[in-house]
Amino acid sequence: MAALNQALVLALESNPKESYVVAVETLLRLLDNIIREPQNAKFRTVRIDNPSIREKLLSVDGMKQLMLAIGFIESHGTLTVPSNVLLANLRRYREFIHERKELIKNPPKEKEIHVNANITCTRSTTTTTTTVTNIPPEQTAPKSEPEMVLQPSGSNAPGQQQQGTEAPCVIKSSRPFLERIEFPRVVQGNNPLLRQLELLSDQVMQYEDELLLASGKNLIPIDTLTTKAKSKLTQWKRLLATNEASNQKEPSDADLLLEELTAWFRAEFFTWVNALPCTVCGNEKTTLVRSIVEDGVRIEIYRCCGQLRHFYRYNDVEKLLQTRRGRCGEWANCFTFLCRCLGYDARYVFSTGDHVWTEVWSERRQRWIHVDPCENVLDAPLMYEQGWKKEITYVFGFARDDVQDVSWRYSNNHKELLRRRKEKGACSEQALLDAIGKLRTKRRTRSNCPPERVTFLRLRTIDECLELLGNSGRVPTAAEREGRSSGSLEWRLQRGEQQINTRYMFIPTEEEVQAKQFNIRYCCATDCYERFLKGASNRVNEKITEKSNGWESRQYLSRNIFRKEEHDWKMVYLARTEGTDEATIEWNFDFSVQGLRVKQIELRFGQETYDGAKVELYYIKSDGTQSQALSSLCECGKFTLQARLSGGKSWQHAQLFRQSKAASDEYPFEMNIVLM
């Protein structure tokens, strides 16, 4: 069953309340008619040029996009729900949309937030904060504004209430945004860099609101992420026991939970926005007309088909928990806050090279870990200089009780870094040190930092400075040489950043080991992987054990690959990014951890080529040997499946997994393995 896209439903609420209510009630009537009389064809189709439909329904920003996600198909001036769209899916959308509409029409009174306190990761008793975006601060609405209520993100299917928790999660802070970040200035003068440092240092304080922390914690599927982290720890212990990872230190529960939090945030929680898609024609490359600032919020205005759409660049993390979309500023802002919700000592990291990310303190490793939620990458700080080809000049980390110049972590050529800082002349090194000292004192005074915490922070700073100095000349890892994956193709072409490095590895679970089978499939229409166990006769009584959204969420590595949706033909597939001559994508499988090998293997791998294009499949073993014969994998314990796309007269002429957008129960990529 296709996943419920809550983000599209919530996006409707950015429209004026009156038009939102009219449009949603119109949509609910359409869904009710179909659910009540599913065999009545006239209820499944509406004409786009119908004045009532055009004015009441489709005039609302985001409505057409939501209808397509629900299952409507646009054809010959109509929107139609095909008979193969499951009624259960329509009911799930209907219930969630109705619930949201009632909350908007009749906002709840003050409501207590239920907090799940059963968190298995352990932290030090002191805390840190972090976050901010490098865009103008937002004027929040008055306290009387209706609260946003969302379903908690858990392992349960959308629409199902988790046992032991309240279904609605009220996103609410105890104070407006500006009050949370308003502090007296301590850095004097008008130096732009130093003033920005103080602004960012103040903005991370918005995370320390107790009500907001409770709201954020309720949105995290803690139990699910903890279970995955424990499974990874078990696999690590097996590797260590077999000496396959003898040169590495066993990670902690907290470090592995951070990995799972990062992957979940990128794959399921937050959405990247290049431009607001057109609600009429579906164009995803709408034109940016202008940017304005209203009440302290920067607004990007896009035009297509005679319509204007507004993209609000919020700094307030309370707003971002509602919209769950943006670019790197919004991503790092919201992710760093969620780290704070789980008790991590975390920093919001700002670079003058036009990017932001997060750092998290690891108790096990006794050092700061670089985390880029946009890329789902951890502990690869040289990636910006080596992979993205950026010139590192200034990078700063901001926390609840600390500010640090961490530029030296993100460059291994400190001599050139110093030269750039002197040439750019943003400020003298002494002025920068003085400003950082004042901001540290301000943060620790304002947060009533106890003496023992201050002593700890001072010692940690000394250790960190020594670590940063030792980074000069460090050889970058393979992950740090890879390019950027987030953002539009235009962004990546400008920077040479076109690679995605999820580094996901399929390792058998306990159930799969006991059943001696491994099965994975991918539906391009829903953009979802399913991991499952076969029943007595293939799909009869099969058991789905895991679902993962996003084609990149379970790949190992890819270059120049993206998922293409054809709005005219209603087809979808993976292809090369426009303007590239070749592309690769890999999936990695390791059964050797449990001492297992491949006994039998079957593979369905949908591909279509035109005008001389090629799709080549290679099976690469752990010793580096490769073959194009599937049978070469028999008795193999670890291997990589690699697809190479090339040739043709256009980037579209080599396609993987092409299928109709309505084919939600078809799987053009499926691998079935019997283990021994």
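## Basis

Residues are numbered from 1 along each chain as its sequence is written, and side-chain values use heavy atoms, with hydrogens and water left out. Because the model is predicted, local features need pLDDT of at least 70 and side-chain atom pairs count only at pLDDT 80 or more, while totals for chains, interfaces and linings use all residues.

## α2 with α4

Helix α2 (residues 17-36) packs with helix α4 (residues 63-70) at an angle of about 20 degrees, their axes being 12 Å apart.

In contact (heavy atoms within 4.5 Å), A23, V24, L27 and L31 of α2 meet M63, L66, M67 and I70 of α4. By class, this contact has 8 nonpolar, no polar and no charged residues.

## α2 with α5

With helix α5 (residues 87-105), α2 packs at an angle of about 150 degrees, with the axes 10 Å apart, and α2 and α5 are therefore roughly antiparallel to each other.

On the α2 side the residues that meet α5 include K17, Y20, V24, E25 and D32, and on the α5 side R91, R94, I97 and K101 are among them. The residues of this contact divide into 12 nonpolar, 1 polar and 8 charged.

## E586

E586, which lies in strand β25 (residues 582-590), counts as buried at 15% relative accessibility (buried means under 20% relative accessible area, with a 1.4 Å probe and protein chains only). Leaving aside neighbours within four places in sequence, E586 is in contact with Q555, Y556, L557, T640, L641 and Q642.

Notes: Axes are lines fitted to C-alpha atoms, for helices over the stretch in contact, and angles run from 0 to 180 degrees between N-to-C directions. Helices (H or I, at least four residues) and strands (E, at least two) are DSSP runs, numbered from the N terminus. Ala, Val, Leu, Ile, Met, Phe, Trp, Tyr, Cys and Pro count as nonpolar, Asp, Glu, Lys and Arg as charged, and the others, Gly among them, as polar. Buried means under 20% relative accessible area, exposed over 50%, partly exposed in between (1.4 Å probe, protein chains only). Angles under 35 degrees count as roughly parallel, over 145 as roughly antiparallel, 65 to 115 as roughly perpendicular and the rest as oblique.
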